[in-house]
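Welcome, and please open the model in your viewer. We will go from one selection to the next and look at what is there.

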Amino acid sequence: MNKNIPSAPGLLSLSKEEMDSMLKGLREKSGDNALPMSRSALIRRTGRRIDQASRQMEEIFDHTARTGMVPLEDVRKDIVPVIREAAAIPHLNHLFYELKSKDEYTYRHTICVGIISALIGKWLDLEEEELSDLTLGAILHDVGKARIPSAILNKPGKLTKEEYAEMKRHTIYGYEMLKDLPGIGRKIPLIALQHHEREDGAGYPLGLTSNKVEHLAKIVAIADVYHAMSSARVYHRPEPFHIVISQMQNDVFGKFDPKIMVVFLYRMMLNLVGQRVELNDGSKGTLVMVDSYEPLRGLIQVGEELIDLRFNRTLAIAKVLEEESGEEV
């Protein structure tokens, strides 16, 4: 196959040199000369920040459970900057590694959903005020779990019908905690209430359909499901990246807002440009381009051959491989 394929609308690729240039520009813009330039150092630094923020979220949840009050200023001072820093770094592949940890899942989940939601908000070109509401709302989307008994919240096995009914009430608890909190935007309590609603009305707690669900809650719903599927818990093994993305694509009509989901899928796959992948026939190659209309069917270089998955429907990405080990992400 001819390797000199002309660029087409919807295809985008970033080289290692372009990526390094973007990181350099970010460092100069922020004035942070300590920003690590290598990808591995960047992953380690961000991982440490996420770990610290996760521990702080545990303290925030404990405070909320004891007092019934959400320490909003602590969230803004200690957690929001971590989210913004992580979401500001282009092609931050730490998401595919850091999200798998099962340690302190409830608290890490709030941080990671905040990062993913902020990324989606930026990809959708939200205005700054709306992006700020989205970030804070995503961090607090599960704050109602502070009122869920720990025996239910940390149960290693399947919940009973009664326990599951109580667990679902975390959406209502979160809304009640946030709706009258001074200094908080009106959309933030709605994110806590509606992030489990679905486009077809099959979600909870109210079974709302698409036109009745707050737009920012729809964004958090996608980030929430992505992280939950990607994470390890006592009763749940993390799904590989390609499985998560494929399942979410299958759910685009019915569960999630398709306009948001298409952007999410495209940008998540774009993060993998330059990454090693394995196809379903066992061949291994590098993802070099992503199509904006069919994000999961990109252009793969296998040896000297370029394989366009848009036109070879029998092939598909079966695994995304970690760069150094060659093991599945």
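**Stop one: a buried ring**

Select Tyr226: its relative accessibility is 1%, so it counts as buried (under 20% relative accessible area; exposed is over 50%, partly exposed in between, with a 1.4 Å probe and protein chains only). Keep in mind that this is a predicted model, where local features need pLDDT of at least 70, side-chain atom pairs count only at pLDDT 80 or more, and totals for chains, interfaces and linings use all residues. Residues are numbered from 1 along each chain as its sequence is written, and side-chain values use heavy atoms, leaving out hydrogens and water.

**Stop two: two helices**

Show helix α11 (residues 215–230) and helix α13 (residues 258–270), whose axes come within 11 Å and cross at roughly 40°. Axes are lines fitted to C-alpha atoms, for helices over the stretch in contact, with angles from 0 to 180 degrees between N-to-C directions. Helices are DSSP runs (H or I, at least four residues), numbered from the N terminus.

Which residues of α11 and α13 meet? Select His215, Lys218, Ile219, Ile222 and Tyr226 in α11, then Ile260, Met261, Phe264 and Met268 in α13; contact means heavy atoms within 4.5 Å.

**Stop three: another ring pair**

The structure holds 2 aromatic pairs (ring centres of Phe, Tyr or Trp, its six-membered ring, within 6.5 Å; planes under 30 degrees apart are stacked, over 60 edge-to-face, the rest tilted). Select Phe61 and Tyr107: the centres are 5.5 Å apart and the planes at 80°, so this pair is edge-to-face. Phe61 and Tyr107 are both buried. Finally, return to Tyr226 and Phe264, an edge-to-face pair with 5.7 Å centre to centre and 70° between the planes.
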